[in-house]
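Let's take a walk through a protein fold together. Have the picture open and follow along as we go.

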Amino acid sequence: RANRSWQGVFSGIVLFGDPDHRLQGQFIPSEQFPRISLLVAAATIADDPVAIINADIVVTSSLRWGVARAFERGAGAVTSKRYEFDPKTEDYDGARVADSGADIFVAYPHVWRQIYKIVPDGLRLGAPAWDQFMLGAFEHILRRKFMDITSAKGVFHPRHGSRACPTIQVDY
């Protein structure tokens, strides 16, 4: 569901992990919970802005509009809180922001290069601290040029209920 939604919003998709024939995009081999430094390194070599996004996030065309509008206003990077939806009904109109999780960061490659210089090598996707690090890093580097586009309502997260997540070792 998430991968299908990305196809209509992003100009290219790079996935980290083992190839899966059900998913569209280029695959880069990585551990199950890739290091943020790997994701950021890949973002530094693009020609256009790059989104780093959790694998279960569904996006809509509103995201593209919100990002474009923020960049027109001088943003160097954007983020959005996620709207939680029931995956059984896929009621995006009834989705609400349920927490302060930030599962997407979009920035220009030159900004990703600055982030790469300071990202701890041991920080991994899936670790609770990864989004907090990114929020702090972008705020520190960009200040007012780091914008929140939650109001665009383009980022959706399926309600999982209680699920057992593995403990992820973060080596700083």
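A crossing of two helices is called left-handed if the near helix is turned anticlockwise from the far one by less than a right angle, and right-handed if clockwise. Helices here are DSSP runs of H or I with at least four residues, strands are runs of E with at least two, and both are numbered from the N terminus. Keep in mind that this is a predicted model, where local features need pLDDT of at least 70, side-chain atom pairs count only at pLDDT 80 or more, and totals for chains, interfaces and linings use all residues. Residues are numbered from 1 along each chain as its sequence is written, and side-chain values use heavy atoms, with hydrogens and water left out.

Now for the overall view. The protein chain has five helices and eight strands, and along the sequence they come in the order α-β-β-α-β-β-α-β-β-α-α-β-β. With a radius of gyration (taken over C-alpha atoms) of 15 Å, the chain is close to the 16 Å that the globule rule gives for 172 residues, so it is as compact as a globular protein of that length. That rule is 2.2 Å times the number of residues to the power 0.38. Along the principal axes, the C-alpha atoms fill a box of roughly 40 × 40 × 30 Å.

How much of the chain is buried? Of its 172 residues, 43% count as buried. Buried means under 20% relative accessible area, exposed means over 50%, and partly exposed is in between (1.4 Å probe, protein chains only).

The axes of α4 (residues 109-118) and α5 (residues 130-142) come within 10 Å and cross at roughly 120°; axes are lines fitted to C-alpha atoms, for helices over the stretch in contact, and angles run from 0 to 180 degrees between N-to-C directions. This crossing is right-handed. On the α4 side, V111, W112, Q114, I115 and I118 meet F133, M134, A137, F138, I141 and L142 of α5, where contact means heavy atoms within 4.5 Å. By class, that makes 10 nonpolar, one polar and no charged residues. Ala, Val, Leu, Ile, Met, Phe, Trp, Tyr, Cys and Pro count as nonpolar, Asp, Glu, Lys and Arg as charged, and the others, Gly among them, as polar.

Helix α4 also packs with α2 (residues 36-44), at an angle of about 145° and with the axes 8 Å apart. Here the crossing is left-handed. From α2 come S37, V40, A41, A43 and T44, and from α4 come P109, W112, R113, I115 and Y116. That contact has seven nonpolar, two polar and one charged residues.

Next, let's zoom in on single residues. F85 sits in strand β5 (residues 77-85) and is buried, with a relative accessible area of 1%. Leaving aside neighbours within four places in sequence, its contacts include R1, V58, Y92, F156 and P158. F85 and R1 are 84 residues apart in sequence, yet 13 Å apart in space, C-alpha to C-alpha.

N54 lies in the loop between β3 and β4. Is N54 buried or exposed? At 16% relative accessibility, N54 counts as buried. Beyond its neighbours within four places, N54 is in contact with W6, D103, L125 and W130.

Finally, look at two loop residues. R143, between α5 and β7, has a positive phi of about 50° although it is not a glycine, and at 53% relative accessibility it counts as exposed. K153, between β7 and β8, also has a positive phi of about 50° without being a glycine, but K153 is partly exposed at 25%.
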